[in-house]
Amino acid sequence: MKYPAVLPFAEILPQLSQFDAIIDVRSPSEFAEDHLPGAINLPVLDDEQRIKVGTLYKQTSAFEAKKLGAALIAKNIAHHIETHFLGHPQWWRPLVYCWRGGNRSGAMAHILARIGWPAVQLDGGYKEYRRHVNAELATLPAAFEFINVLCGPTGSGKSRLLQVLDSHGAQVIDLEQLAAHRGSVLGGLPEAEQPSQKAFESGLWQQLRHFDAAKPVFIESESKKVGRLRVPDALMDKMRAAECTAVQLSTSHRVQLLMQDYEHFVGDPEKLNVQLALLTQLHGREKIAHWQQLALAGRMSELVEELLVQHYDPGYLQSIKRNFRRYQQSSTLVLPDISDAAFKQAALSLCTIVNN
């Protein structure tokens with residue numbers, strides 16, 4: 001094969017994991033929004049340089065812009081060779097891509113190939129990859145004919161159960177983990193910002209493409225949005241038509257679990273109260289003021305129980321019955337407590353039930 005080889009994504013996909021490096025040469029801001037799974041960012045034009053070249057293209061001429069762009073790209077590629085590539089053997093095989101599969105990735109792939117590495121350039125670039133992801137998420141693989149939705153009110157342990165199922169080799173989609181959000185007004189994670197919509201979908205696609213259609217897929221009941229991110233319509237339709245398992249946990253244990261999961265709010269009542277204020281339209285100023293006083297007084301377990309009984313549970317029961325058609329026929333899985341042993345036993349029982 002002659003290098004650099006310019007290949008379509010359909011041909012690259014089966015061998016995606018076989019490349020020694022997947023190099024995204026777009027600017028850092030483009031890379032941050034989304035990128036191919038496992039890619040590293042080695043920009044041939046940084047954000048400031050890209051704007052400078054683009055402005056010159058519009059205000060002066062394409063020729064002047066290309067001269068400047070070529071000089072900057074050459075300097076940046078030289079830097080990447082010196083700092084990232086010199087230690088690689090001749091058989092090192094990189095995949096290179098940019099936005100459209102044009103000049104930026106073409107320049108990098110050409111130089112790497114001239115050095116002697118079997119470089120491959122993604123024809124159509126990130127845009128072609130994105131078209132593939134969109135098409136896959138719009139149709140979904142056959143694996144989703146065999147899906148089980150874990151239902152249960154807030155704090156019933158669905159997310160922890162998914163984690164245990166995953167650790168035991170089950171096929172799991174944890175939308176809240178992918179979205180870096182727990183799905184409610186209090187669901188933002190203190191240690192992580194939510195990804196972009198495109199990055200969320202890339203993470204979901206990456207999971208789906210490795211699933212075995214002969215095995216069940218476990219997923220938690222979610223609304224159409226997890227934080228600010230939208231769950232793809234095709235997946236939402238599959239979830240709402242799927243078999244359900246109702247996870248049950250006592251209120252006292254639910255309070256205990258939520259106190260653990262939302263420790264960042266337990267230790268910062270003022271931050272919690274900012275979020276509680278967002279519920280004023282639903283519950284009125286008097287009720288919100290009462291909850292905020294509980295938080296400031298350190299009566300967190302009392303507050304959590306009131307939020308469950310008065311806010312989360314009524315809304316959840318209405319939503320689950322309305323949106324998940326097979327909920328009324330769901331099997332029941334009772335968790336006796338929130339110990340590791342209880343979740344392990346529940347996961348094993350669930351796998352046995354579904355596989356039979």
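This is a predicted model: local features need pLDDT of at least 70, side-chain atom pairs count only at pLDDT 80 or more; totals for chains, interfaces and linings use all residues.
1. Ground rules. Numbering starts from 1 along each chain as its sequence is written. Local features need pLDDT of at least 70, side-chain atom pairs count only at pLDDT 80 or more, totals for chains, interfaces and linings use all residues, and side-chain values use heavy atoms, without hydrogens or water.

2. The sheet. Five strands form an open sheet with parallel pairing, in the order β1-β5-β4-β2-β3; strands are DSSP E runs of at least two residues and helices H or I runs of at least four, numbered from the N terminus, and a pair needs at least two DSSP bridges. β1 (5-7) and β3 (40-41) sit at the edges with a single partner strand each, so one side of each has no neighbour in the sheet.

3. Inside the sheet. β2 (residues 21-24) and β4 (residues 94-97) run parallel and are joined by four bridges. Aspartate 24 has tyrosine 97 as its bridge partner in β4.

4. Helix α13 (residues 269-276). Its buried residues (under 20% relative accessible area, 1.4 Å probe, protein chains only) are Leu272, Asn273 and Leu276. Down the axis of α13 they fall within an arc of 100° (taken from the directions from the axis to the C-beta atoms), so they line one face of the helix. Glu270 and Val274, both exposed (over 50%), are on the face turned away from that buried side.

5. The largest pocket. Its lining counts 41 residues, with Glu176, Arg182, Gly183, Ser184 and Glu222 nearest the centre. α15 gives the largest share of the lining, seven residues.

Terms used:
On a 1 Å grid over the protein atoms alone, a cavity is a set of points where a 1.4 Å probe fits but cannot get out, and a pocket is an open set with protein on both sides within 12 Å along at least five of seven lines; lining residues have an atom within 4 Å of a point.
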